[in-house]
Amino acid sequence: MRTAYRVETVRAAEADLMARLPEGALMQRAAAGLAASCCSLLGRGRVYGARVVLLVGSGDNGGDALYAGARLARRGAGVSAVLLGTRAHEGGLAALRAAGGRVIGGSDDPYAVLAAADLVLDGITGIGGRGGLRPDAVPLARAARGSGAVVVAVDLPSGVDADTGEVRGEALRADATVTFGAYKPGLLVDPAREYAGAVRLVGIGLDLPSVPDLEALQHQDVARLLPRPGAESDKYRRGVVGIVAGSARYPGAAVLAVSGALRGGAGAVRYVGPAGDAVIAAHPETLVHAGPPEKAGRVQAWVVGPGLGDGPGAGTAVAEVLGSGVPVLVDADGLRGLDPAAVRARTAPTLLTPHAGEATALLGVPRASVEAGRLAAVRELAERFGATVLLKGSTTLVCGPGAEPVRVNPTGTSWLATAGSGDVLSGLAGSLLASGLRPLDAASCAAYLHGLAARHATGPGAPLTATDVAAALPAAWRDATAP
């Protein structure tokens, strides 16, 4: 599992370690890892003679860049430093000059140097930076991005917020980020994640708390969490998930939600709603009931909302399902006008799965604020409703109502922004709820498998449909659980 920590936590761990090390040793560790990553990015045999430009701010981030530049210069690279701000790290600057690097100044044209660069190190601001780039840094950042050079961010792309993933102004988009000691939340959460490129973690020996601020599941975590039938399992012991979805206008939502649920590990799926004929035609193994939900039979979890429409029956169905004593997932039309008090009053767990537009309505804020501050939005929703919240988007976030870390899904793809894919995800997550997973784990595993399925469906970077995603879920499951 990948873990991420806030700046305050990282800074405290760094201070504790620096108190036990010789002066400057921690920066040297970071610079060594940064230089090694740059060598790898340049390619074997390409370091000697490579043209490297350092964009150097006045903080320790700039010092890391200078010391790494000195190491590259000693390996034969031509290293030039462009200094921004009123000062530069004295030790790093001395090391660069001693290794044969040069500082751009006087009649030198920094833009010409950037245009000829093979690699640019972004050491303008570090993890303590707030807001976008300063005006004097913007033209240089644009020139770096517009060159043919590989842009490598030192610890964090300059201009992004390390703790929140927000980008409040102009930032320098990197091809790769070399981060030290721990991932920072902004490296995992959009919009900042888009600026980070490929992220490499360099260990520097930090002693960090056992509970991070964010975590991202990996294959082995998902394999450990996913349910597996035992020797004595039958369809009821494996769990039954109820699906209340679809309408005369949106029968396909019911079919897609059921398709996700059938591939989610539960033993059986009960469908309640007006799209029974369409569901049976697509999935004859489904147990269909005309309703109401309380008459449909025993379930271990409910999914309500996909394709219900905005008629009076939708609110009634949501209220009835919320009144049950089993875990409930509320999605799509079920979220419309959802009462926080009604959700908080439940004794069984609740999982909400909004996209940004639905989160906007639930929070009563502009959509732009949700999209810019996704981490704050998912935390606020979880707190307000006393529920686990899966906030869909370019990086899907899952937050419980307690003090557990927020989960970040690493498998998502923008190709999932297609009609019906959220219905598949809801059915899948509901099925995992019915099989016994707690909401945080059910939502996280569902998002992980959903992303893997999109990649399996048609390959990376290719258009797909929600039906493609549902059909690829078994392959995603096998991929995640393979030894």
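This is a predicted model: local features need pLDDT of at least 70, side-chain atom pairs count only at pLDDT 80 or more; totals for chains, interfaces and linings use all residues.
Residues are numbered from 1 along each chain as its sequence is written, and side-chain values use heavy atoms, with hydrogens and water left out.

**View 1. Strand 5 (residues 119–123) is mostly covered.** Helices (H or I, at least four residues) and strands (E, at least two) are DSSP runs numbered from the N terminus. Five of the five residues of strand 5 are buried, where buried means under 20% relative accessible area with a 1.4 Å probe and protein chains only. In a regular strand the side chains alternate between the two faces of the sheet. Here L119, L121 and G123 point one way, while V120 and D122 point the other way.

**View 2. Strand 5 pairs with strand 2 (residues 51–56) and with strand 6 (residues 150–154).** Two strands pair if DSSP finds at least two bridges between them. Strand 2 and strand 5 run parallel and are joined by five bridges, with L54 opposite L121. Strand 5 and strand 6 are also paired in the parallel sense, over four bridges, and the partner of L121 in strand 6 is V152. Strand 5, helix 6 (residues 138–146) and strand 6 form a right-handed β-α-β unit, meaning that, with the strands pointing away from the viewer, the path from the first strand over the helix to the second runs clockwise.

View 3. Strand 12 pairs with strand 11 (residues 268–272) in the parallel sense over three bridges, and Y271 stands opposite V288 in strand 12.

**View 4. The largest pocket has a volume of about 730 Å³.** On a 1 Å grid over the protein atoms alone, a pocket is an open set of points where a 1.4 Å probe fits, with protein on both sides within 12 Å along at least five of seven lines, and lining residues have an atom within 4 Å of a point; the volume is the space filled by probe spheres set on the points, which are joined across faces, edges and corners. The lining comprises 34 residues, of which H355, K392, G393, L416 and A417 lie nearest the centre of the pocket. Helix 16 (421–434) gives the most to this lining, with four residues.

Methods:
Buried means under 20% relative accessible area, exposed over 50%, partly exposed in between (1.4 Å probe, protein chains only).
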